[in-house]
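Let's walk through this protein together, one question at a time. Keep the sequence and the 3D view open as you read.

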Amino acid sequence: MDEQTRRRVCLFGTSADPPTGRGGHMGIVQYLASLDDFDEVRILPVYSHMFGSKRGKQAPFQSRVEMCQLICKDIPKAVVSEAERICFEEATAELNDNEKGSLRIGTADILMMLTTNEPNVDFTLALGADTFIDLASGKWRRTEDVFQLVGYRMIVFRRLLENDEHNEKDEILQGSIAKWQLINATKSSIRLVQIPSLTNASSSTVRGTTNEPVLEELLTKEVLEYIKRRSMYSFAKSAT
């Protein structure tokens, strides 16, 4: 297919437990959607976490999907996808419950499904600096497949560094990018960006407090109302 007619989709996978506001998840999606590089920014809430310690401890998948939809409703080009659920259900269709419990669906599996189902799309993977370092160092399953399935196209985002450019983590990050970078005549395949709106907004902070002034800083109004209405996270502990 002609390169000009191919769609360009940026994939942003996240636990979204819960999705934070402009200082976090929403700010990342807003930034990605502002780029002319993409026709669509697709948010993929995690369905079944790869790390066993986190499995079963997240809020229900559908709740996290709905909260992502709330933060994305006014962002052009942003859509929320249940691709991880679909991939898991297709892979486990003929398995019993014990076999399903031990199955690990990783990013490469999801990318394989997406590239097969959407052959006319060029996918780019967006991920945070720490996550990229883990991927580049081989801590993920099928690391090389992940890079190949997105044509080595990635956007790596980070918060503004408090220290200078010789920060140890920054050196590791730059080395990881150099290791996997594909360079052509027009641009590099892996782009490192700093998103000015990002703060230390943390989903774990949200889960651990009912302090509404704090939550109002970390969440959108709609997501905070959603959490309170359904007595989620710390509100469940204080519910009577």
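Before we start, one term: a residue is called buried when its relative accessible area is under 20%, exposed when that area is over 50%, and partly exposed in between. Bear in mind that this is a predicted model.

Q: Which residues of E2 point one way, and which the other way?
A: In a regular strand the side chains alternate between the two faces of the sheet. Strand E2 covers residues 40-45, and 6 of its 6 residues are buried. One way point Glu40, Arg42 and Leu44, and the other way point Val41, Ile43 and Pro45.

Q: What is the hand of the β-α-β crossover from E1 to E2?
A: Start from the pairing of E1 with E2, which is in the parallel sense. Between these strands the chain passes through helix H1, residues 25-34. With the strands pointing away from the viewer, a path that runs clockwise from the first strand over the helix to the second is called right-handed. The crossover from E1 through H1 to E2 is right-handed.

Q: Which residue in E3 is the bridge partner of Val41?
A: E2 pairs with strand E3 (residues 78-80) in the parallel sense, over 3 bridges. In E3, the partner of Val41 is Ala78.

Q: Which residues of H1 are buried?
A: Helix H1 is mostly covered, with 7 of its 10 residues buried. Those buried residues are His25, Met26, Gly27, Ile28, Val29, Leu32 and Ala33.

Q: What separates the C-alpha atoms of Ala16 and Cys68?
A: Ala16 is found in the loop between E1 and H1. With a relative accessible area of 1%, Ala16 is buried, because the limit for that class is 20%. Ala16 and Cys68 are 52 residues apart along the chain, yet their C-alpha atoms are separated by 7.1 Å.

Q: Is the peptide bond from Asp17 to Pro18 cis or trans, and what is omega near?
A: Look again at the loop between E1 and H1, where Pro18 is found. The peptide bond from Asp17 to Pro18 is cis, with omega near -5°.

Q: Is Tyr152 buried or exposed, and what is its relative accessibility?
A: Tyr152 has its place in the loop between helix H7 (143-149) and strand E5 (154-158). Its phi is near 65°, a positive value in a residue other than glycine. Tyr152 counts as buried because its relative accessibility is 16%.

Q: What is phi of Ser231 near?
A: Ser231 is found in the loop between H11 and helix H12 (234-238). Its relative accessible area is 32%, so Ser231 is partly exposed. Ser231 is a residue other than glycine with a positive phi, near 50°.

Q: Which residues line the largest cavity?
A: The structure holds 1 cavity of 30 Å³ or more, and about 40 Å³ of space lies in the largest cavity. Its lining has 4 nonpolar, 1 polar and 1 charged residues. They are Tyr47, Ser48, Glu84, Phe88, Ile105 and Ile110.

How values were computed:
Residues numbered from 1 in each chain as written. Predicted model: local features only at pLDDT ≥ 70, side-chain atom pairs only at ≥ 80, totals over all residues. Heavy atoms only, no water. 1 Å grid on protein atoms, 1.4 Å probe; cavity = no way out; pocket = protein on both sides within 12 Å on 5 of 7 lines; lining within 4 Å. Points joined across faces, edges and corners; volume = space filled by probe spheres on them. Nonpolar A, V, L, I, M, F, W, Y, C, P; charged D, E, K, R; others polar. Pairing = 2+ DSSP bridges. Helix = DSSP H or I, 4+ residues; strand = E, 2+ residues; numbered from the N terminus. Buried < 20%, exposed > 50% of the residue type's maximum accessible area, 1.4 Å probe, protein only.
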